[in-house]
Amino acid sequence: MNRYLCLHGHFYQPPRENPWLEAIELQDSAYPFHDWNERITAECYEPNGAARILDGDKRIAAIVNNYSRISFNVGPTLLSWLESKRPTTYAAILEADRQSLARFGGHGAAIAQAYNHIILPLANRRDKETQILWGLADFRRRFGREPEGMWLPETAVDSETLELLAAHGLRFTILAPNQARRLRPSGSGEWHELKPGEIDPRRPYRCTLPSGATIALFFYDGPIARDIAFGKLLEDGERFAQRLLDGFAPGAAPQLVHTATDGETYGHHHRFGEMALAYCLDRMEERGQARLTIYGEFLDLRPPTDEVEIVENSSWSCAHGVERWRADCGCHIGGGPAGWNQAWRAPLRAALDGLRDRLVPLYLELMTPLCPDPWATRDAYIEVIRERASAPVEAFLLRQAGRRLAPAERIRALQLLEMQRHAQLMFTSCGWFFDEVSGIEATQILAYAGRALQLAESLGASGLEAEFTARLAAVPSNLPRIGDAARLFATQVVPRRLDLQRVAVHHAIVAGFEQHCDPDLPHSHTIHCYRADDCALEVIPGGRMQLTVGRCRISSTITGEDGEFAFAVLNLGGHNLNAGVHPWRDSATFAALRAALATPFEQSNIPEVVRVMDREFGAAHYSLLHLFKDDQRRILQQLMTQTLAEVEGAFRTIYDNNFSLLRFLHDTGIPTPRLLALPVEMVLTSRFRTLLDGGFAHPGALRSLAEEVAKLDIPLDEPLLGLNAGRQIKRQLEKLQRTPDNLALLLTINETLEILATLPVNLDLWEAQNRYWGIKSSPITAKADDPEWVVGFRRLGELLQISPR
């Protein structure tokens, strides 16, 4: 076989974490998911770990792990999120790499990526080095081996970047065809200038660097990549396979058809794209049309002989090199109206470059007395980023400092390193990619800059923020209401800024609500990257009102900073409350504060309570507006419980009183008026959710409810309902996996699925199908000889759209 095929997927999401909480907060635009990472995982990263191949009857004939048969990289920040939030998907990615080692002659499918996706040619050498070292260290820790190649963000490249890759033992990287400048064939002394895209992508090339080091370069097939990403190839696996076969040239010499796209192409950008990928690779391999390979294996099979030189400062997503990330070059996604421009890009980069350079002297001045080699310490800080438990952090600082740091020195060292980490994150490429500076991507990198500034000023720097915002004033927005990035920073970043006292405010408000609901609930807990410990907490009820007085210790799990605070929260009922917090003084002052508040509260003298809070806590007043987003939503939902119950009760009354009318309208073919249909829809949806969210939904109750829906022909317009139904079936399949011989359970699952199939909702059966496939692929159970069990299990497969073969 002289035909080799390699598809590369670049799986990446920009960091979305709130820089002060180290967590992704609720993103309503991703509904019905919590945030966009969750949504894209459900649409792409999970399905590619268990991709379906369908038979001629559109039933599942196989479930395969796409990652094990392609070349791929996953951004380290995304892998970190997956490890924490979606461990099953994370494990599937690691397992795929292990499987690929056996499939591809000891070469792994995964390659590394520069850490947080900055445009390396626009970074200084020191930052390039850190990005590469952090990416390599993260890869080794996760995959347990050395990477052979590294993905360059946006394939942006210059000779200095390639020198660093070669110096760190990397064999290859992948570039776009327009990034090849000139070619020197083997045995020839002459260089040939190349037109954009002219290079033959079917073999690797050797790039000799100014230092004399060499690195292999693969230039992917650009036209095929465009057809995959922007065409309709992924609508048909056969057409996809044929397009790849068309990439081979006549001849007997070994040749490689390969291409690279965003991994999200397979499932997120193109729904069911992961299925087209799985089908295409499976059929091409089955028919012997091409041998699947990856870059490391192909390099061994056909080492490069021809030499190539790169187009310096070039990339795959900007026709002007790397100007998209520093100039108004004309590249944009077309999301804005006519007349928009990207004149903001150059001054934004200048502002961030200036901030980075201003942070360097502070870092060196303060870090050198603590750790003799500040830059080596920063390069090694990835050890702490990936494992923030106390013991590894202490071990890291001991190695870097050569001595045990005092507590204050420890905090200062970690603050300095965090300042440098955020100075890296603020260059994440997505901040410049889109059309408007006020978009979420540019706002996010400004938030990282805001966190770096806050840390710098806590370490004694002065005037940096004023200097930075002055530069941001020269960054124009296309939106008159925004004006410029200085206003954007002031309105969207500064209000998000947190310190220990603001975390204490959040804790105080939440503690009062949770104590009100459960007096025995402990109140030492984690608030994202902070720990809150109650030293004293008293809740004084007063009818619908409540006064909470307490003392807490707040500590950062990132830098180790901590502080004690006294607080009081006056809850006037519902969402109306007033909270105050100040640093802890002493026990006598706290006792006086408690008495000064409790006495008038118990006398229902609320104006006096307010006056005392004003006197004791000053002008800073806090309310539910100051809660972090997820807890804010949870508490508001809690507060609305009674109101929603009253609304639902009213809707239920409307439904009960008009059921016969609704039946009559349905039977006579008269459309139900929207004002009447809406409460009916809400009542039926609520009842279904109550059944499905419980432990095991009783089929009899489900059937009765489904019959009501059928009689009325009312739509159930609730995106979560299909997810809830899928989770119900998943729970039942998980139990069947543990007890596969349970015939009664098997028949119950079948009955439940038959009922759910009659509902006007899209059932999410992905997890349930995986569980069934696991049972089907496992050793035969004791019931395999029981005809009733065999029939029932086959029926379950039919209901889950799985082929019996």
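**View 1. Contacts of Thr 261 in a predicted model.** Thr 261 touches His 8, Gly 9, His 10, Ala 225, Ile 228, Ala 229, Tyr 266 and Trp 316, leaving aside residues up to four places away in sequence. Contact means heavy atoms within 4.5 Å. Thr 261 lies in strand E12 (residues 255–262). Strands (E, at least two residues) and helices (H or I, at least four) are DSSP runs, numbered from the N terminus. Thr 261 is buried, at a relative accessible area of 3%. Buried is under 20% relative accessible area, exposed over 50%, and partly exposed in between (1.4 Å probe, protein chains only).

The model is predicted: local features need pLDDT of at least 70, side-chain atom pairs count only at pLDDT 80 or more, and totals for chains, interfaces and linings use all residues. Residues are numbered from 1 along each chain as its sequence is written, and side-chain values use heavy atoms, with hydrogens and water left out.

View 2. Strands E10 (residues 205–208) and E11 (residues 214–219) run antiparallel, joined by 4 bridges. Pairing requires at least two DSSP bridges between two strands. Arg 206 stands opposite Ala 216 in E11. The hairpin has 5 residues between its strands, and Gly 212 in the turn has a positive phi of about 100 degrees.

**View 3. Nonpolar cores.** The largest nonpolar core has 170 residues; Phe 72, Phe 240, Leu 348, Phe 468 and Leu 472 have the most contacts inside it. A second, separate core of 46 residues includes Leu 665, Val 683, Leu 692 and Leu 712. Such a core is a set of buried Ala, Val, Leu, Ile, Met, Phe, Trp, Tyr and Cys residues joined through side-chain atoms within 4.5 Å.
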